[in-house]
Amino acid sequence: MEEVCEGKDFSFPKHEEKIVAYWEEIKAFETQLKLTENMPEYIFYDGPPFATGLPHYGHILAGTIKDIVTRYQSMNGYHVTRRFGWDCHGLPVEHEIDKKLGITSRNDVLEMGIDKYNEECRSIVTRYVGEWEKVVSRTGRWIDFKNDYKTMDLEFMETVWWIFAQLWEKDLVYRGFKVMPYSTGCKTPLSNFECGLNYKNVHDPSLMVAFPVIGDPDKAAIVAWTTTPWTLPSNLCVCVNANLTYVKVRDKFTGSTYIVAESRLSELPSKKSNAGLPNGSVQIADWSPFELLGKFPGASLVGLKYVPLFDYFSELSDVAFRVVSDNYVTDDSGTGIVHCAPAFGEDDYRVCINSSIIHKDDDLVVAVDGDGCFIDKITDFKGRYVKDADKDIVAAVKAKGRLVNSGSIEHSYPFCWRSDTPLLYRAVPSWYVAVEKIIDQLLECNKQTYWVPDYVKDKRFHNWLENARDWAISRSRFWGTPLPIWISEDGEEKLVIDSVKKLEDLSGLKVTDLHRHNIDHITIPSKRGPEFGVLRRVDDVFDCWFESGSMPYGYIHYPFENAELFENNFPGQFVAEGLDQTRGWFYTMMVLSTALFGKPAFRNLICNGLVLAGDGKKMSKRLKNYPSPMEVIDDYGADALRLYLINSPVVRAEPLRFKKDGVYGVVKDVFLPWYNAYRFLVQNAKRLEIEGLAPFAPFDQATLQMSSNVLDQWINSATGSLVSFVRQEMDAYRLYTVVPYLLKFIDNLTNIYVRFNRNRLKGRTGEEDCRMALSTLYHVLLTTCKVMAPFTPFFTEVLYQNLRRVSSESEESIHHCSLPKAGGQIEERIELSVTRMMTVIDLARNIRERHKQPLKTPLKEMIVVHPDMGFLEDIAGKLREYVSEELNIRSIVPCNDPLKYASLRAEPEFSVLGKRLGKAMGSVAKEIKAMSQADILSLEKSGEVTISGHLLQLSDIKVVRQFKRPANVPEKDIDAVGDGDVLVVLDLRPDDSLVEAGVAREVVNRIQKLRKKAGLEPTDMVEVYFELCDGDKSFLERVLSSQGPYIKGVLGSPLLPSAFTPEDAVILCTERVCGLSGMTFIISLSRPTLAFNASALLALCSGNESHVEGLRTYLLSRDHLNLKSEFHSQNGLLKVDCLEGIPNVELVLGEHIFLTVGDCYLSTRRD
């Protein structure tokens, strides 16, 4: 493996850029598809975005989710085709061209020419394709841009025609007049789900208008309420609720008589004045400004005629301008009476049809044109935009003496999601899919799908389907797939074309493009004969949502091509988009698949929430309240951004407040610890070569499973658990649970396995044990990289490319590898014991901190109390040395009697039980608190207990362990702390026999800090010299004698008296240490230096001192590492036969020469 730099010098973004280049060089994505081409298909549908805008965090989030799932499935043994798609038609594109060319009306387009207009639209469709490909690729997503699909392609449009023809044959298509949300900005009706995309709080006029009842003896007027004055010129009736009670009242001050709902009388204004009150007194509580003239049900008002407000529709006087009734009228607002203009309200239209004021077959006069302006019929306001005319209409109503009251109201109102103009409800002719006919089938198909999170499916989407309305699929626009309907001049003959070939056969013309300007001229002869003329295509085009809903079929040109592929793999396996698509793409796909095949379009779905700016507001380019995606990627890398996004509520369809600091947090908490564990492996693997040993080659898996080391067994088991967990969660599409688990795993790898195994990994417990530990760490890192490759494709590739240098891994990319299999040797007891061990360590540290006892101070004894004998055996056996070293404790005493050192009491977990138990919480809490010691022990053993008829789990009850301190022993001497079912008791009393160990630990600590100060790597070998300046020399000698093995074990070499420092030693760093147990001494670090046995060399050279000196000079000139390697390769022997004038000699390591002064010193001590 190649050496790697420190974490602080490792640039994640730069390495990612290198990986992007590497993938391109080896055609990694194409190769993955090739390698899996004979494997089962996994069908993924990628919803097409518009290419008229740049990608934002919403796109990156959805793209990341899609990439993770598809990478996972590819590594899991499936062939996953991933083709990017583009939504090319519809309002978004037309709106851009309208702005560019200054087009404000439909006539502008017709004057320009549909051909020129459509070609302008075509020209901008792929405006940002390059930017999309750059951003999407840089985020690590593998998807085919070269073989993309576009909704404007002939093949896609032909499939759309086929789909429509199938719906036509199933009698699911009709033409109707319907009041629709209408965008004057885009000059087209919108579907109901589009209408819900952009609601705003606005202030609108609030009017009460009088409609005088013809022939009423009291000259009463019905009072109706409206917030849309512009609809008043089109009024044809007023509507009451037949079941409500209405009153007729006279205003005592003005004499005006009104009819309103009884419950709304308080809303009726009165022109009362204090002067009119008796004696000018203050109004009293029971005094009313109105005199009650009558009370009657709404049904009695039905049929009354009233004086029209305007005379624009006087031709309808015989049937209009009367009172009708319907249950949609309520008394929770206004006056309980609604004015109806059938062309501008869905209920208004229905009520007028039901009351025979208008008829379905009538040509309804719509007083507002497509631009939102009054038509010529409305003479007083013709040509005026309706919202602009509101004030003048109010003034006209007032001038007629019909204005009862006016004001304003703030309410939520729909705006066009594209042009951001207020929507008008307006009757328009349109072609519809009869969705209401198939609602039961839709609900059944929805049950067959799996959603994450499930509540979106079961609530939001279910409710939307349950209340689905017929879908207006046509638009009176230009740039889109034309409706394939040809109609005769007399309207009697209708023909739906389902393919290009059929159109060519019937028309006799060659067809190469299906856009309006290329087919509008095509006519089809009537099958009834020449005298009936020809059939011409209707003007409308498809709503672009119909096209996106057709994507599962259109992108593979079904049924004209790929029929077997489609029919063997439908419904598709997976889709993912944002929450807003429950009323958009998810809905349209479900409607079309249900109508066509009686099946859902997809099996599995992940629904993400919205990514908001850090302040909780919508991300806005104008406000600049968020960092650009590329800025974040350039700073921290795409992998960090990916993990940040999927480790957030946004993957559970909740909103995310995006914070750049959060992405840095992922680098700091996930990637740097992960990288440091990898770097530690590489450093120590390289160290083997530096020390002249055989290069590192990892043991195979079977050998690793034979390791007797408990932490090897534990980390192997934990890795198996990681694989099982990731597979389990990914198979359930719960991406958001993986990162927290990975975070904990990486923490355990670095802070338990690597930290507790430092001596093994550094070779201080023998070469074989070192290789076992390194091999274990290697396989753990390699397995982790493979299982995490779908999530962090770049970082895992970086590590894999270096790790594969010493293994049999032949795949060029980690993404060509198979996902590790679940199972393996999982040791649940060991995993649980190590988890509990860390709890014990944390509790003991807590006690130390509380009593200001640093870890360098050794303690005599720790008692661990736990009911599980298996764990106690582990903590006092296999895990003992790790706990002792980590906590600097000499003795660990296990105890399985939970009452020997503590008393138990139970408390309810209110946060868990409160909602569940409701009013019963009080009595249950009382019984929980009254539980005896025996009851609590029984609960801990069985895991459950029944209280007041409620079955409670152990997690519902908090067991508190209260330490029973021995009599006459103060807290400062013995203290304890518990967590769950474990109690740790720590003996804090000082012990003179432990002082030497404490001093040794502190000396080692100072040396380690000095190494860091000198800029040394952990694998850099040095020798450490000390010189006592002040203090008890005999005490220091006792410390070095009793603690020598510990010091050498940690440092890798003994502490050397300064007198042993050779003249040619290279001193790296020196520091004076004062006040350590009353001693002052100097510590020096030097490079390893050769040491010679002068007498043995002299004997070897037959007493010739000049030969000895020549030999010494030669050996000191040699590279230390090379010399070391030569000795190791020759089993401690070195033949020197290259020195002129000096006889050949054979040096014996440890007899004539030592590779370090430390080796020589230890040899002298042994002698």
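Analyst: Start with helix α21 (residues 638–646) and helix α28 (residues 793–803), whose axes come within 7 Å in this predicted model. The two axes cross at roughly 130 degrees.

Which residues make the contact between α21 and α28? On the α21 side they are A638, D639 and R642. On the α28 side they are P793, F794 and F795. By class, the contact of α21 with α28 holds 4 nonpolar residues, 2 charged ones and no polar ones.

Now the charged pairs. Side chains of opposite charge can pair when their charged atoms come close. Across the whole structure, a search finds 67 salt bridges.

Take E886 and R755. Their side chains form a salt bridge, with 2.6 Å from N to O. This pair links distant parts of the chain. E886 sits in helix α31 (residues 880–887), R755 in helix α25 (residues 738–756), and 131 residues separate them. The two partners differ in burial class. The cut-off for buried is under 20% relative accessible area. E886 has 7% relative accessibility, so E886 counts as buried. R755 has 31%, so R755 counts as partly exposed.

Next, helix α27 (residues 767–788), which holds both R771 and E767. These two form a salt bridge, and their closest N and O atoms are 2.9 Å apart. R771 and E767 are 4 residues apart, about one turn of the helix. R771 has a relative accessible area of 8%, so R771 is buried. E767 has 36%, so E767 is partly exposed.

Helix α29 (residues 828–850) holds another pair, D842 and R845. Here the salt bridge spans 3.6 Å from N to O. D842 and R845 are 3 residues apart in α29, so about one helical turn separates them. D842 counts as partly exposed because its relative accessibility is 42%. R845 counts as partly exposed too, because its relative accessibility is 23%.

Finally, a linked group. D46, K66, R141 and E577 are joined in a network of salt bridges.

Notes. Residues are numbered from 1 along each chain as its sequence is written. This is a predicted model: local features need pLDDT of at least 70, side-chain atom pairs count only at pLDDT 80 or more; totals for chains, interfaces and linings use all residues. Side-chain values use heavy atoms; hydrogens and water are left out. Axes are lines fitted to C-alpha atoms, for helices over the stretch in contact, and angles run from 0 to 180 degrees between N-to-C directions. Helices (H or I, at least four residues) and strands (E, at least two) are DSSP runs, numbered from the N terminus. Contact means heavy atoms within 4.5 Å. Ala, Val, Leu, Ile, Met, Phe, Trp, Tyr, Cys and Pro count as nonpolar, Asp, Glu, Lys and Arg as charged, and the others, Gly among them, as polar. A salt bridge is a side-chain nitrogen of Lys or Arg within 4 Å of a carboxyl oxygen of Asp or Glu. Buried means under 20% relative accessible area, exposed over 50%, partly exposed in between (1.4 Å probe, protein chains only).
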